[in-house]
Protein chains: 2
Amino acid sequence: LKISKKDYSFSNRGKTLEDELNEANEYYLSNDIAVIYKKPIPIQVVKVDYPSRSGAVIKEAYYRTPSTTDFNGVYQGKYIDFEAKETENRTAFPLKNVHLHQMEHMNRVLKQNGVCFLLVRFSAFDRYFYLPFAQLQLFWERMQTGGRKSIALTEFEEQAIEITPKYAPRIDYLKIVNNLNA
Amino acid sequence: LKISKKDYSFSNRGKTLEDELNEANEYYLSNDIAVIYKKPIPIQVVKVDYPSRSGAVIKEAYYRTPSTTDFNGVYQGKYIDFEAKETENRTAFPLKNVHLHQMEHMNRVLKQNGVCFLLVRFSAFDRYFYLPFAQLQLFWERMQTGGRKSIALTEFEEQAIEITPKYAPRIDYLKIVNNLNA
Ligand SMILES: [Mg+2]
Ligand SMILES: [Mg+2]
């Protein structure tokens, strides 16, 4: 496995993948290119206080497991839906990072002719891949039928589309949507 | 203003409009008709405890103002995005129930060729209206140019599409999407 380490002048400077994608989405939004948002994390609120003269204060709440993906929205009439994952792993993306209910959700989206994909960052190399859901599904089925429980970086190199970071937006994933759905 | 009070055999039994729409969306989802969800309410988490042997407990958090609409998803390749509002008012829907940032969001969605609308329940009469965003925008502009700050029920009767509750799903709003976008 040979990996060429890249050196980008516009580094992510310790940002999370989510931060980077929020920045891309802000760019798309403010330039009237697309309307795509990160969904809020679902939280179950148990106890709320109402102190006088101020708003509600949540005093007890719990994180709930999201039943869908991270991001969705609209781009030129297309419904866009994707999950973003980063890994520190240097050779493969472990499929345990994707949950069954997310696979089921993306499968339903695909049936409705939505544009659906996984966006993976290999953080050690600052490399980004756009994996269409149809491809992800094949790797998932391989795992379910006793095969390996991860997707090798080399498999990303062969079967996913690499996103080369650039300036504004750094992670221009809609360019891939264009190329694949033109 | 003459209002014919209706008597539905399948009443909403004290459910909120949000409950009813969640039920419609569950029906659509389980019948492979569409994939549409209520977005979680955005919450700003300030303090989290990690008691031993159990998950995170949020001890201080605040509700944030949503920057978008209530519901979005995909239906037969179309991006669907709408805001749901109920009013106890018997003659009009006060426009103060819709926020500027929601109008801006829906305007952006329309520019991206998404299907965008307001779904209003006049709870006193158990009546439901689907108001396309383009119509809502005209009423909003009327308000901004010094006109009335609400949409009369009679205006809904004339310019919106009424949804007659039925059985499974009770509020079948995608039927209107079909009729308007066929
Ligand atoms: Mg994620
Ligand atoms: Mg609402």
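This is a predicted model: local features need pLDDT of at least 70, side-chain atom pairs count only at pLDDT 80 or more; totals for chains, interfaces and linings use all residues.

Biologist: Where is Asn25(A) found?
Modeller: In helix H1 of chain A, residues 17-30. Helices (H or I, at least four residues) and strands (E, at least two) are DSSP runs, numbered from the N terminus.

Biologist: Is Asn25(A) buried or exposed?
Modeller: Buried, because its relative accessible area is 5%. Buried means under 20% relative accessible area, exposed over 50%, and partly exposed in between (1.4 Å probe, protein chains only).

Biologist: And what does Asn25(A) touch?
Modeller: Leaving out residues up to four places away in sequence, Asn25(A) touches Ile36(A), Phe71(A) and Tyr173(A). Contact here means heavy atoms within 4.5 Å.

Biologist: New topic. Which residues coordinate the magnesium ion (ligand 2)?
Modeller: Asp70(B) through OD, Glu83(B) through OE and Ala84(B) through O, at 2.1 to 2.6 Å. Donors are N, O and S atoms within 2.8 Å of the metal (3.2 Å for Na, K and Ca); water is not among the atoms, so sites may look incomplete.

Biologist: How are those donor residues spaced in sequence?
Modeller: As D-x12-E-A. Glu83(B) is buried at 2% relative accessible area, and Ala84(B) is buried at 13%.

Biologist: How many aromatic pairs are there over all chains?
Modeller: The search of the whole structure finds 23. Rings of Phe, Tyr and Trp (its six-membered ring) pair if their centres lie within 6.5 Å; planes under 30 degrees apart count as stacked, over 60 as edge-to-face and the rest as tilted.

Biologist: Give me one of them.
Modeller: Phe93(A) and Phe156(A) are edge-to-face, 6.3 Å centre to centre with 90° between the planes. The pair links distant parts of the chain, 63 residues apart: Phe93(A) is in strand E6 (residues 92-94) and Phe156(A) in helix H4 (residues 153-159), both of chain A.

Biologist: Why does Phe93(A) count as buried?
Modeller: Because its relative accessibility is 0%. Phe156(A) also counts as buried, at 0%.

Biologist: Which residues do ring pairs link into a cluster?
Modeller: Tyr27(A), Tyr28(A), Phe71(A), Phe82(A), Phe117(A), Tyr130(A) and Tyr173(A). Among them, Phe71(A) and Tyr173(A) also touch Asn25(A).

Terms used. Residues are numbered from 1 along each chain as its sequence is written. Chains are lettered from A and ligands numbered from 1 in the order in which they are written. Side-chain values use heavy atoms; hydrogens and water are left out.
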